[in-house]
Amino acid sequence: MIERLDRERPALALLLVAFLLLSGWMLSQPHDLTTAGHLKDEEGYYPWAELYLDSHWSLPLQMANGDYRDEEVLTVESGLPPLQVTWEVLALDPDGRMDDLVVSVAFNDGAPAANATVRIPRPQGALETTTDADGSAELWGLPAGNPPLEVRASRDGSSVVYRTLLDVPLGNAARYGITSLTNIEFLSDRTLGGLLEVQLPGDREGLTVRFNGQVRGETDAQGRLELGDLRAKHGTLRVERDGTAVGGATLLLDGRELGQTNAQGQRTAAVVEQVRLTITLRDILGVPIGDASVELARREPDAPSELLGVTAASGTLVVERELELGEYQLETHWVIDGYDPPLMSGIAEGEGEYHYVNHWPPGPSAALMPLILIGAEELFGTLLALMACAATYGLARRWFGWRIAWLATAFTLANATVLLLWFGQWMGDLAAVSFALPGLWLVVEAAHRGRREGASRAVLLLALAGGVLFGLGVTMRYTTVVMCGAPYLYIGWLNLPAGRTRDFLQRLRTALAWPAVRDPLLQAGALTVGLLLVGIPLAAYNAHYFGGPFNSGYQSRNLLEVSGDSDNLTVETHEASQSMWEGYVALGEQERENLPQVAKFVAVFFPALLCALPGAWALRRQPAAGVALGWWLGSISAIYLTQGWVLANTFTDIRYYLPLAPPAGILAAAGLARISGSLELGKWLALAAAALIVASGATAFLDVEAELQQRWTSGPQQQPATEVTIFQLDTMPEQFLNRRVHVGAAEVVELRGSGAALLRDPVEHNATVMLVFGQHSVALEPGERISLFAQFRADQHPENDFALFLQSANDLEHLQGPNGEQPLAQQHQPPQPPPGQTRGPKSLDRSLPQSTLISQS
């Protein structure tokens, strides 16, 4: 049996059996590509693959699921042109004051409204100013959230009021939403008058009716009185008998019910005018919003609302109505039944509008597409690991023979980071290596065949295919581009004449002389064409969405921001935030806390790298391989060894060093072979080192695998909840910071857009705290009482330092409605998609909050 394993085919079959057994175990574990538990910055790969399959390389904001509302207060007042108020919140204003509000006020005829009062009520005192001669004003230090804006202007002795809710940004970001602007045009010019009817139990005859204090006459036996033309649009009617006020009488004017008189016998009246309302609806980015419903109601308690219609594609709705003069509430409601934007998407401008885009390189999602079509997406990680192992075996076999290739593949397969990303299925790092390394292997084979065959068709096709695979690796993770020098160096060094180092320049001149340089140039050209076949579409994609061929989705920030600056990040912008000395030698408190992570890094890679030293010495006979592997190892190390955050974060961030695993495995296998043959106890030493390499990788992997299993099977481990009151959170926040808490009773004070609510203690009314809904769909009303579980932590919001963050919609319970009524069961739960729906609208499992944050310049 041992003798059989000393032949390549049986040994390779044993390695394949081990691979299949490991794959079978991994595939049997209870996790999949869409279940929570993966690294959060990579959970967008699968839903983006589904969007790509539906021909959406980006997702317009108007196609993303959402539920948006806007309210506008209208003053319908003839005789005075209504106000046209435009406002803008400038979070990045160069005057250095945060959150400036710039307001421009004009009458409907275009005349600027000078000396208009601009006011924002606040509990600690209103912010107030007046407009200048051009109708402009500015306020500073706005309260965050949705504070009311009131604008009051006067002309010719009459005044009109404009009211709306602002959307004040969080720092330099504003919440995505919609805003309406209504133009009122009067089609009639009427005055009060006509037949007045007083409905009252008992005797209705002889009732005296006054209008604005002037007697207009007495009612007949039916309680009627012809008022004539009162020559006014507003006024107060008073009903009395023998000088005594008559309360509770119902008044009708020309058949229109005005309501009942009060205890003083008075009832206000206003004329009904025919008006044309032109409602224009835009989103925060200025894009017209169509298919939004518009309702209108009197601005008074329990007033019924009327559906005016829905906006057209241009974002406008024009209606004509008979409206009594006064204040009305206009509510617009826009519901999008589209796609859930994938987690960690970015936003970029394209085709004249803003789109959700894949924040990450598109390669992993594109690679998943064919597997999704055939229902084999669960094999993604296995196929990636198989490609990486096959390339490792092929390269090592080319340079050292099959025995070292076998051992190098085993070392690569046992590397903890390879196992982790294979187990996690879809990480971009494994995908990048699994495409780039086979690309290098094909170029190496092409270079060796080229020495025998010249620039034959087979050689050039191998080089071309190698370039395509390497280019695909770049689409998986952009930093792979720095390793592209390895195949070019291999082609050049392999064709360099042998000789002494001191004669290097003479050897180089010989290699560059014609016709010796012809075949290597053709091979390098084929490699370049292969890279360009992938690079040109990738550059076009980045230029289309991110403003330049060398820009990327990294400029589309994780928080879904539309950046107002020109700081476009590229694959070259991996700059150290601190020096190596500061980060790893002069250890501060944070660095000391990170030492366990560094220890895990050493446990994963150090044994292989240590054994790689004699392997590197063995490569002196393979200078082309030594130069290529040296470039591969050195370039990726130079990129990430300057990044303190790689080792400062969780163990899974060591995944960035995964490209080191295959060459380290090759060099370690070659080094152990050299040790085994050159020392007296070399075989035992090599065996011990090999066992250490495998054991260290397996141990480090199992350490993380247990945590991932917990997250995949039962979700993230919940902290035990601490019973608290809002008063305690408000007065002693540090005591409960970063803890899961249970608030038994809280009263909803007000809603802050669709993403947050202000809560107060039901006993200590001055104690308040903000509740942030996050991605969860929650329906709350001011005045209702709730209980909830939530995470209490620091908030970046300008208005509050701490907030409660809801982790699940099921963690919130409605106790009592605004008027003391029992709440509707399950009113906080979002609607569920139809059973059996697998792809298309509402099919993307990992979604973003519907209230998207977008920065404004």
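**Surface patches, salt bridges and backbone features**

Glu205 sits in the loop that runs between strand S12 (193-199) and strand S13 (208-211); helices (H or I, at least four residues) and strands (E, at least two) are DSSP runs numbered from the N terminus. The model is predicted, so local features need pLDDT of at least 70 and side-chain atom pairs pLDDT 80 or more, while totals for chains, interfaces and linings use all residues. Residues are numbered from 1 along each chain as its sequence is written, and side-chain values use heavy atoms, leaving out hydrogens and water.

With a relative accessibility of 44%, Glu205 is partly exposed (buried is under 20% relative accessible area, exposed over 50% and partly exposed in between, with a 1.4 Å probe and protein chains only). Patch members have over 30% relative accessible area and no salt bridge, with like charges joined within 9 Å and nonpolar side chains (Val, Leu, Ile, Met, Phe, Trp, Tyr) within 5 Å.

Asp242 is exposed at a relative accessible area of 75% and lies in the loop between S16 and strand S17 (244-245). The phi of Asp242 is positive, at about 55 degrees, although this residue is not a glycine. Ser55 likewise has a positive phi, near 65 degrees. Ser55 belongs to the loop between helix H2 (45-53) and strand S1 (59-60), where its relative accessible area of 61% makes it exposed. A further backbone feature is the cis peptide bond between Trp514 and Pro515, with omega about 10 degrees. Pro515 is located in the loop between helix H10 (504-512) and helix H11 (518-546). For context, most residues other than glycine have a negative phi, and most peptide bonds are trans.

Strand S16 (residues 234-241) contains Gly235, which is buried at a relative accessible area of 11%. Gly235 and Ala270 are 35 residues apart in sequence, and their C-alpha atoms are 6.6 Å apart in space.

A nonpolar surface patch of about 300 Å² is formed by Leu27, Leu379, Leu383 and Leu386. Leu379 occupies the loop between helix H3 (363-373) and helix H4 (380-400) and is partly exposed, at 36% relative accessibility.

Turning to charged pairs, the structure has 22 salt bridges (a side-chain nitrogen of Lys or Arg within 4 Å of a carboxyl oxygen of Asp or Glu). In one of them, Arg397 pairs with Glu8, with 2.6 Å between the closest N and O atoms. This pair ties together distant parts of the chain, with Arg397 in helix H4 and Glu8 in helix H1 (residues 8-28), 389 residues apart. Arg397 is partly exposed, at 44% relative accessibility. Another salt bridge brings together Glu747 and Arg760, at 3.0 Å from N to O. Here too distant parts of the chain are linked: Glu747 is in strand S29 (residues 739-752) and Arg760 in strand S30, 13 residues apart. Glu747 is buried, with a relative accessible area of 13%, whereas Arg760 is partly exposed at 24%.

Strand S30 (residues 756-760) also holds Leu758, which is buried at 14% relative accessibility. Leu758 and Ala746 are twelve residues apart along the chain, with 9.7 Å between their C-alpha atoms. Finally, Arg119, Glu128 and Glu150 are connected in a network of salt bridges.

Methods. Accessible areas come from the Shrake-Rupley method with a 1.4 Å probe; for residues, only the protein chains shown count as cover.
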